[in-house]
Amino acid sequence: MSNLLDLLVAGLATGAIYALVAVGFTLLWQTSQTINFAQGEFVMLPAFLMLAVMHAGAPFWLAIILGILLSLLLLGLGFKLLLVDPMLRHGVLPLAIATMALAIGIKEAVKQFFSAEASPFPSIVPAGDVSILGRVVSLQSLGVLALAIAVVIGLTMLLNRTSIGHQMQATAQNPTVARIIGVPVERMILLTFLINAFLVALASLLITPIYLAKFSSGEVLGQAAFIAAIVGGFNQVRGAIAGGLLIGVVDNLAAAYVSTQYRAAVPMVLLIVIILFRPQGLLGRPEERTV
Amino acid sequence: MKSGFFAGLLLATVSAAAAFAQGAPIKLADVAELSGGGATVGNNWKNGIDLAIEEINAKGGVLGRKLEVTHADSQSNPGVARAQVQKALDNEPYVLLGPGYSGSVKVTSPLAAEAGIAQIMGGEAAELTQGGNKFLFRTSFGQQSSMPKVAKYINDELKAKSVAVVWVNNDFGKGGRDVITKEFAKYNIKVAADLSTEAGQADFAADVSKIKAAAPDAVFIYLNEEESARILKELKRQAVTVPLMGETTLVGQKVVELAGDAANGARGHVGLTTDAPVDLVKAFREKFVKKYNYVPDHNGLKGYLAIYMIKATTDKMGKVDSKAFADTLHGLTIKAANEPGILMDVTFDEKGDIDRQGFLVEIVEGKQVVKQVLPKLN
Amino acid sequence: MTINGKYWRIALGLAVIAALIIVPMNFNRYGLYILSQWAVMTIAAMGLNLTLGYAGQVSLAQGAFVGIGAYAAAIMTTQGMPLIAALGVAIVLCFAIGWILGYPALRVQHHYLAFVTLAFSTLAFLVFRNEDWLTKGIYGISGIPRPNVLGFATNRPLPFYYFCLGSLAIVSLAMWWLIRSPWGRAFVALRENPVRALSLGIDTRRYTLMAFAIGSALGGVAGALYAPLTQYIDPVPFNLSLSLDLLMMVIVGGSGFFFGPFLGAMIAVLLPEWLRFTQGYYLMLYAIAVMLLLIYSPTGILGILDRYLAERRTKAASALRAVTKSRLETAP
């Protein structure tokens, strides 16, 4: 029993990481039907931007600020203007393929201009453990979990309590109608891209001390987050969070109780079952638009 | 008179050609995992090669000729590796270098053997040198030589009767796991838990809780550096106190750097390490860090040694002869006193396997401490 | 004009075929290997093009089907069975699995096939890797023999290339026939206007399923050729990234165009080879090239051609209209 609790806590900690990355997936999908296959690389890159700033001699806090600004510029504005805008009206698939190419490009660029080696990354959360109800939990995992919760609360407040949030929701639900009632749709879409860029930079800051800064670390993350988003519901922020946590926990339980060789299979079976019986995802709403 | 003139001209031409041949660079071809899952392996290997070639060329080359290498990317994919090796062989290199993944070695070694070109590679799977290939050479211990030493230590020194085995599920990890399981059987050591993990896995909570449940006398960990560091942290968090034993990767400097004090107490057998208490190895490490700004793993050493193997063999032959190369290297002993670049005395047997000293080390307060030097056999 | 165009096209086709046969004759082993790889990947991409381009379904498991075909060929031929038998098994197995996967997925909702195939891709990889007794696991299967075709051994690179090219020709002809058959017309009707197709009495689900299963079977064919090409297989090449690569080939070539997969596979297999002289930058440049191409023409390479031809046609038509109009005006 105590074993099970340990596994649950560890699963939630990993799941919170997936959840943070998955939120961005759902945001981009809702407002602009963008499936970003480079999302994992988007999380990997800001850590390297921060490391680059630090290598230039800047202190850690300045590196964080500059890293976040750079990722807003590159992964938010640049991504939207240079890749998404020209391709958006041509449907979902060519853009999805272009993001796959982008993922290769980012990985190769980091490997070429930085290193193929994993680098350690300083943690903003102290690297100790705390004891909660007799379980030893690392502070880093708690930090990720706390941030994931803060993101859900923050985004929900933004979407439901502010007028910008209402405009964003209108944009997501029906851009044509939104435009008619005077919502600056373009600006709202840009805003989601900036929010995504901000989130991946935050995720990068929290995750990299655990995952290490490595050009390939986005692959596992991106795929896990994509699956989390499908399981939880592609069109709801809270769905992505639930999906992420669920995948994290299921993965741990599978390794403990099914088979370590087939641990990756269990989330996939879960995915298939959910699609068959609840295609919109656990917390998603049925899609009205055809894809 | 006339014929004399022509004879003179001919002689001049011939000697000019000979002089040209003397000056022409020796072509080497490297095929390695420069991108994809094995990129860390391949890039270390490549950097080691480049460093050694730079040194040798700065000192006038091999038999007065410069070394020249082309690097090709296998994308960590055996199919691509095969194509790139084919391409490299079509250009008739002196010696083929790489690949590092055992699967890629397996698919490319018949091609090199067919072309009669020696292949110096980084793969460690036991079976590679057991198929009677006369052109294949290792740069490090194969698992069939390193694992028996680990098993012996676990039996003799740790007196463990049951061991949990944690391995990474690729050809490197699976190969090691298969060999050590066989060795354990010889000592009647029980495998209490047999845990496969994924490359790039971040969360070892489930694996460690399985180890705890199995309550073994020792844990054998055979993972890559990053995963080694993560599982060490998790073992500490879940308060597993039995001895932790590994091979090369577990006790590397990188793992210590990444795992912090969770690495204390980990032990391992090490064949090639930049932490070896050998002055030449320390000097190599300094040169490498100066050029590339990071501490190489054993793959960096392997690439470096591969080039010095070529130099020593060629010096021994006294000529650049691709066909005689493999024959000369079989049974050759290279002494570090004569060829400092080889770092430690080494002997190659008829199969292309390696004999060299090894170390048993333990991490004490964040430092590798050599507990035992396992001497070279011959 | 149209007749002329038709002759031109036939002449061009014959020239390309002749070039594919004659030019590689004095290629080195490496060049032949790459070209054989191109032929094999084209077959896999043609299958995916049927699923994606004609039936409008995204499959993220084409790489897994190539894997199933490759393992069928590797296991059977190393046991001494002929490749043709393995080919049959690969086709039947991939078709059946495609059907079983597609049936529930398409029942639920139109585009959920993509997600189910994504999951299947990972499952297939795990089976290849973990079931040692069948697939020899991560160690892979080596020593895969190359077949004898009509009494000719294909051990040497050139005969094996012709074997791959011949297979590609047969698959292409079969595909050409399929697309022109009533089935093929139903596939196109589905893509162009599913609602109308439904109202015309086409059982859309069944035809979509059929297209996916046939496309998957072609993945199996490609796999059965891939195994004797590399003569060694392990699970790693058949992971999700192969499926994504194949998807990229189809889109980059031009999905829904008959010759799209040929060009897409050429870009994916040959472009990185041409860029290799840039050393460490080659994959980066490849990625940038793909992005630029898709930004310029989201419908792929053949999309550019199509657009160009359509423009010329409109220009010609408007010129014709202008002439007729001026004639009408000048007419008394």
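Before you click on anything, here's a word you'll need: a residue is buried when its relative accessible area is under 20%, exposed when it is over 50%, and partly exposed in between, using a 1.4 Å probe and protein chains only. What you have open is a predicted model, where local features need pLDDT of at least 70, side-chain atom pairs count only at pLDDT 80 or more, and totals for chains, interfaces and linings use all residues. Residues are numbered from 1 along each chain as its sequence is written, chains are lettered from A and ligands numbered from 1 in the order in which they are written, and side-chain values use heavy atoms, with hydrogens and water left out.

**Stop 1**

Select Lys311(B) and Glu339(B). Their side chains form a salt bridge at 3.0 Å, N to O; that term means a side-chain nitrogen of Lys or Arg within 4 Å of a carboxyl oxygen of Asp or Glu. Lys311(B) counts as buried at 16% relative accessibility, and so does Glu339(B) at 9%. Helices (H or I, at least four residues) and strands (E, at least two) are DSSP runs, numbered from the N terminus.

While you're on chain B, color residues 25-366. UniProt, in an unreviewed entry, labels this span "domain: Leucine-binding protein"; such annotations may be inferred rather than shown by experiment, and the positions use the numbering here, with feature names shortened. The span is 44% helix and 19% strand, and its end C-alpha atoms lie 45 Å apart.

**Stop 2: chain A**

Which residue does Lys80(A) meet in a salt bridge? Pick Glu186(A): the two side chains come to 3.5 Å, N to O. Lys80(A) belongs to helix 3 (residues 60-87) and Glu186(A) to helix 8 (residues 185-211), 106 residues apart in the chain. Lys80(A) is buried at 3%, whereas Glu186(A) is partly exposed at 48%.

**Stop 3: from chain B across to chain A**

Next, select Lys254(B) and Glu117(A), another salt bridge at 3.5 Å, N to O. Lys254(B) is in helix 9 (residues 253-259) of chain B and Glu117(A) is in the loop between helix 4 (92-113) and strand 1 (129-132) of chain A, so this pair joins two chains. Glu117(A) is buried, with a relative accessible area of 6%.

**Stop 4: where chain C touches chain B**

Show chains B and C together. Here 25 residues of chain C are in contact (heavy atoms within 4.5 Å) with 30 residues of chain B. About 2300 Å² is buried between them, 46% of it on carbon and sulfur atoms; buried area is the accessible area (1.4 Å probe) that two parts lose on being put together, summed over both. In chain C, highlight Arg29(C), Tyr30(C) and Tyr139(C), which lose the most area to chain B, together 30% of what that side buries.

Zoom in on Arg29(C) and you'll find its salt bridge with Asp90(B), at 2.9 Å, N to O. How many salt bridges are there between chain C and chain B? The count is three. Over all chains, the model has 30 salt bridges.
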